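This report describes how the chains of the complex are arranged and how they meet. The sequence and structure are shown first.

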There are 2 protein chains.
Amino acid sequence: MDRRFVYLDYNATTPLHPEVKAEMIADLELYANASSMHEAGRRARARIEKARSSVARLIGAPDPACVYFTSGGSESNNTVFGTMYDLGRRGRVDEAKSHAGRRQKIITTAIEHPCVLNAARRLADEGFPVVFLGVDAQGRVDFAELERELDPERSRGGPALLVSVMAANNEIGTLEDIPAIARLAKAAGAFVHTDATQAAGKIPIDVESWGVDYLTLSCHKIYGPKGIGALYVRKTAPIEPLIRGGHQEKGVRAGTYNNLGIYGFGKAAELALAELPSYASRVAALRERLRAGIVERIPSVHVNGHPTKVLPNTLNVSFPGAEGEAILLSLDLEGIEVSTGSACASGSLEPSHVLMATGVGPELAHGSIRFSLGRDTTEADIDYVLERLPPIIARLRRMSTVPASLSATT
Amino acid sequence: MDRRFVYLDYNATTPLHPEVKAEMIADLELYANASSMHEAGRRARARIEKARSSVARLIGAPDPACVYFTSGGSESNNTVFGTMYDLGRRGRVDEAKSHAGRRQKIITTAIEHPCVLNAARRLADEGFPVVFLGVDAQGRVDFAELERELDPERSRGGPALLVSVMAANNEIGTLEDIPAIARLAKAAGAFVHTDATQAAGKIPIDVESWGVDYLTLSCHKIYGPKGIGALYVRKTAPIEPLIRGGHQEKGVRAGTYNNLGIYGFGKAAELALAELPSYASRVAALRERLRAGIVERIPSVHVNGHPTKVLPNTLNVSFPGAEGEAILLSLDLEGIEVSTGSACASGSLEPSHVLMATGVGPELAHGSIRFSLGRDTTEADIDYVLERLPPIIARLRRMSTVPASLSATT
């Protein structure tokens, strides 16, 4: 096949959906400050409320007022952890009407996105008891450990204040059982947060049946613009601003409304919801074509993550004996864009914290590649990868000192 | 004159500069995650660094690495105050290499934007000594009070940790003498922050001669997109992330790069710097035409702010005997868009905190209108306002119970 450009890094970010792009170009004129009282301001504001309803529909939130716009997933996650900081500190606990006692314990997982991990570590630095739950070899949360950590009689740190578990892992695509986790957490009196940044647009989301108090969304993962995200906050859950100032977003998030980002988010959410069924079946078939082709053509590979409880678009594969970054750069020369681990952790020499948590060991973790497919991916793209990848792996393995068979399984 | 649309709310927000718009439309395709290692990611990243250099040039920062991108002015300001929280707390003070002792005192002014006021109030809630300096009748900081508050022998709260004074006021346009304020603050060992959100693009900014440690910028005030801003941090000044997570912006600000916003900001900064001299002389002449016309045609008005040390585009006028919101809505019906106070405080029934701080009294504060001019404002726009405004004021004054002459001066 002729050289082509194949973008398989949709979990890092997505291009704009053509309809989002068209809407954004049309909206470049709608510049008024949505807090202004004059007509242009009121018109800008009405459009924002329309977008809020679209985002609410994407996640099954009956009341759009529970959706707050932020600058992205990292800000949404940090806002939740900042709220827990306010709630859990001595002297402030009594202000949290929903929580009696001095709840401070934070339960999250070892495979969260760096922004949750670092927000949780910050609370640990402040003296909060923080637990990072382990996962099994497929990346699923250990329920026995969760139940133990939720029980103050069987674990340290007192009753839990928050349980935060991502809906879908960004690196390996494994889906967590959020409804079951939320049931356990709520029974123990904790608030429940899920980072649904990678889940949105790829699997159905329903805040009601999931039973979460907080849910994080990012727009640029669903074919919308960057720099805009949202936080769902259940009406009964407390929320404190991370960015203080003007009265925007009912005082929960100050700063002039990002009209263009919000309009693009509304359109992207609307499209993501409408296209979900066709998207999911299409990319799942392409993913399977890629997986089967790799396993057939390349010896000693290890497919990371869960075989079925997985995002339809994500395939994470370890190629023992070849180094992930070298594979990435070799594929890049062929016009194929993938990632090792996540973009947010790139530049780091550490092996993926997600793969390490699944127990694959550093060799496999260092030799892993994340293929993340999207709505523009074609069969020809997959076939091109299946043509160019095997000789790259063979060449790198010849150059390597690590035996290809090391701890590898197919 | 025929009815026309006259936007005079440029301090609330600005439309996109046509060249920024053209660049953003062209850039809608550059979607790659700027943290990704592949070629598209590296290309996206290179464009971000080019934009960073343009923003650095706008504020005279010799090293672009001192510029951090944020989601806007509110986030930048909150990041500075969050850093002060970390520095000033017991147990953490020793970590701040630049500051000996337990410096906690925050000195700011009564006329700051709500995001600085509320970030400062948050520190006050946490037990930090916080002082809001008064201003004179023209909105200039009281230097005698500043000197006293910087002297631990003559004031309470110990030595100052931070002095934060805005470069230009958003409501009345008054310019503060930042270089002089910074000299006093540095002599007392305090860090210096200025919110230059309203100053940027309207007056020259030079972080070196100003001598500030931190400077806040917002892109949507300089004819660029919303949802993007920057924080300048002097190399010797500490900075702590508000949004924790990935390693973006050297760990100071996590979250996927907002490519489009950053590219737009770079272009807007470049244009703002290039067009500043012609912009400033043009809008200053239009502002004077508006001021002289209002004073000539409407009896008993009061021009707020400083007569000469003022943003070239901002004219704040009180019309005693007429209520600000009623004037705004009446002008809106004529197609003229202005604001009372600031957009970020709209919806509040309180009189402007800025005008109250200048001592004009609640009647004048309630009857004030901010006209903020911009690069698209024409003489015909001004003449249209001068035609439509006088009958509105006369009508509202007839309906009012407050005498028009009350505490009014021209």
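Predicted model: local features only at pLDDT ≥ 70, side-chain atom pairs only at ≥ 80, totals over all residues.

The same surface serves both of them, since 100% of the contact residues of chain B recur in chain A.

**Confidence**

The predictor assigns the complex an ipTM of 0.92 and a pTM of 0.93. For chain A the average pLDDT is 92, and 93% of the residues score at least 70.

**The interface**

At the interface, 66 residues of chain B are in contact with 66 residues of chain A. The area buried between the two chains is about 5,300 Å², and carbon and sulfur atoms give 55% of this area. On the side of chain B, the residues that lose the most area to chain A are Tyr31(B), Met37(B) and Arg244(B), which together account for 14% of what that side buries.

The rule finds 33 residue pairs in polar contact between chain B and chain A, both residues being at pLDDT 80 or more. Several helices of chain B give two or more residues to the side that touches chain A: H1 (18-27), H2 (39-58), H3 (73-88), H4 (114-125), H8 (259-297) and H9 (324-333). The largest share, 6 residues, comes from H4(B). By residue type, this side of chain B divides into 27 nonpolar, 21 polar and 18 charged residues.

**Salt bridges**

Across the interface of chain B and chain A there are 8 salt bridges by the rule applied. Arg42(A) forms a salt bridge with Asp332(B), with the closest N and O atoms 3.2 Å apart.

Over all chains, the count comes to 58 salt bridges. Within chain A, the side chains of Asp63(A) and Lys235(A) meet in a salt bridge with an N to O distance of 2.3 Å. Asp63(A) lies in the loop between helix H2 (39-58) and strand E2 (67-70) of chain A, and Lys235(A) in the loop between strand E8 (229-233) and helix H8 (259-297) of chain A, so this pair ties together parts that are 172 residues apart in sequence.

Methods
Residues numbered from 1 in each chain as written. Chains lettered and ligands numbered in written order. Heavy atoms only, no water. pLDDT = per-residue confidence, 0-100. Contact = heavy atoms within 4.5 Å. Buried area = accessible area lost by both parts, 1.4 Å probe. Salt bridge = Lys/Arg side-chain N within 4 Å of Asp/Glu carboxyl O. Polar contact = N/O pair within 3.5 Å; in protein donor to acceptor, adjacent residues only side chain to side chain. Helix = DSSP H or I, 4+ residues; strand = E, 2+ residues; numbered from the N terminus. Nonpolar A, V, L, I, M, F, W, Y, C, P; charged D, E, K, R; others polar.
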